[in-house]
Amino acid sequence: MSLVHLLIRQARLQPDAPAVLRGTAVWASHRQWADRSAALASHLRAGGLVPGDRVLIFMHNHPRYLELLWGVWWAGATVLPVNAKLHPREVAWIAGNASARWAFVSADMAPAALPGVLHQVDIDSAAADSLLQPRLPWQQVPVAERAPEDLAWLFYTSGTTGRPKGVMITQRNLMTMGLTYAVDVDTVQAVDNMVYAAPMSHGCGLYAIPHLMAGARHVVPASGGVDPAELFALGRALGPLTTFAAPTIVKRLIDHAESMGLSPDDAAASFKTIVYGGAPMYAADIQRALRVMGPRFVQIYGQGETPMVATALQRHHLQDHAHPQHAQRLASVGVAQTPVQVRVADSQGQPLPSGTVGEVLVKGDTVMAGYWADPVATAAAIKDGWLFTGDMGVLDNSGFLTLKDRSKDLLISGGSNIYPREVEEVLLTAPGVAEVAVVGAADAEWGEVVVAFVVLQADAAWDTTALDRHCLEHLARFKRPKRYLQVPALPKNNYGKVLKTELRQRLTLAGDEVLTSRGRGFNAVGERAG
Ligand code: AMP
């Protein structure tokens, strides 16, 4: 088994069809892609690389990303894509932890030399050109076959708490993820255009697999990132795009469509499907997204440890307005994807009845082999084949999963559990609120109290009495925030996830002095008396 055969299949079927584009310009046909990946495999082998070795990739989105991924697999090695926004010191730590032998880097971002790496190649150099320059047709370069359990991708977690861990993703994991896409997320055809606006080092890059399975086109925007105007124009030029986007990116697309006065038909001309996930999408936000851009959204829930595959909320679920549970379903992450079982369990892993909140567990062929060189963390994460996700959630009778929060984000105030997400959902429906994050602050009397960090819409006025009144109308009294802090923006990691740890640190560092005064990033503060 090797993911390389997906490329070979297309190189035979439609060798000259445009496969990889940079903006609207063709970068490679399937044959050229296969020739270049095969050339790279030959060079890597000649340079001493053996199957199973790790090859680090630290670069911005680029058409070469795809040639590198398949070239490394052609040689039987494991790819180690690293988020392009990481600090060089973090990359050096990952290279050392994974004992990477080769590294392909953008010279402007990487440290001069990564520890332990024998061959470090600047991706924009003549040396890289030469490594990818075909000398033989791909048919003459043997593929290093792999077993389904062999590692294909070593993915380092974002490490918002502590050191990142290397998630071991196998050939089977990725093959299953790719096949599942067509069943649970979206149908793909050769005329489709998968656009890589989010980082290719993460989930977005993995979607190259289902799109290669269908022989679709792979498009890297000229900017390499998320520029809504560029993406809308690219879709109009090439045909509707498919993309994967974190909720913050979806918001930027919607803001753009609204500010340009685009209709859902205009959106349909530019986008076929927007798969969203990776962080909570609040009900109010997806309703707005559907209103502005029409029925082109699908939600997935997964994590590095079961990449892109745990549950999906499909297009037809989002559109089924007549269903009596439609509102609840909009706020859910959908139902288990086909190759996995999803369970909500107590701390012992025992299944809980539907309607009861517990930890979300996932079992199936997309679940990682374990953490790299960390048997203790592996044993804590996978028990009896069940992956303990660390997410809290609740299943309904039809199998729809609603996520509450990461277990570490749960707050306990006066002995009662409060799920920040529930408070966030309510605050987001208050007039003038653009974004919100709720965390717990230590409190002598209550143990923890609810604090809401609020980003206002551009022209909105700060009115904590109105926010409090809104919460009282929609929430149990004990769940409403004791403090509201206005912030210009929420801290987010490179994948757009809100860094609640940082918000909690701000509260600890700031103490009461800043909580009741202006300054240090807090524009204004409101504290409720009782
Ligand atoms: P990562 O491993 O970096 O992809 O992060 C995975 C985590 O992101 C999950 O464990 C969830 O906490 C969160 N997440 C992923 N997808 C969703 C989603 N659709 N809705 C809410 N949270 C999500």
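How many nonpolar, polar and charged residues are in the lining of the largest cavity?

Analyst: The model is predicted. By class, the lining of the largest cavity holds 5 nonpolar and 3 charged residues, and no polar ones.

The residues in that lining are P247, V250, K251, I254, M281, D285, R288 and A289. Two elements, α10 (247-259) and α12 (283-293), each give two or more residues to the lining of the largest cavity. Of the elements, α10 gives the most, with 4 residues. The volume of the largest cavity is about 40 Å³.

Some background on how such spaces are found: a probe the size of a water molecule, rolled over the atoms, shows where empty space is left. With a threshold of 30 Å³ or more, the count in this model comes to 2 cavities.

The second largest cavity contains about 30 Å³ of space. Its lining is made up of M177, T180, Y181, V185, Y207, M308, V309 and Q337. At least two residues of this lining come from each of α6 (171-185) and β14 (306-313). The largest share belongs to α6, which supplies 4 residues. By class, the lining of the second largest cavity has 6 nonpolar and 2 polar residues, with no charged ones. The lining of the largest cavity, for its part, has no polar residues and 3 charged ones.

A nitrogen atom of the ligand lies 2.9 Å from a backbone N or O atom of G278. For A279, a polar backbone atom is 3.4 Å from a nitrogen atom of the ligand. K497 is involved through its side chain, where an N or O atom is 3.0 Å from an oxygen atom of the ligand. The ligand taken alone exposes 490 Å², and the protein buries 89% of that area.

To return to the part you asked about, the largest cavity is lined by residues including K251, D285 and R288, and α10 is the element that gives the most to this lining.

Terms used: Residues numbered from 1 in each chain as written. Predicted model: local features only at pLDDT ≥ 70, side-chain atom pairs only at ≥ 80, totals over all residues. Heavy atoms only, no water. Polar contact = N/O pair within 3.5 Å; in protein donor to acceptor, adjacent residues only side chain to side chain. Areas by Shrake-Rupley, 256 points an atom, 1.4 Å probe, with all protein chains shown as cover. 1 Å grid on protein atoms, 1.4 Å probe; cavity = no way out; pocket = protein on both sides within 12 Å on 5 of 7 lines; lining within 4 Å. Points joined across faces, edges and corners; volume = space filled by probe spheres on them. Nonpolar A, V, L, I, M, F, W, Y, C, P; charged D, E, K, R; others polar.
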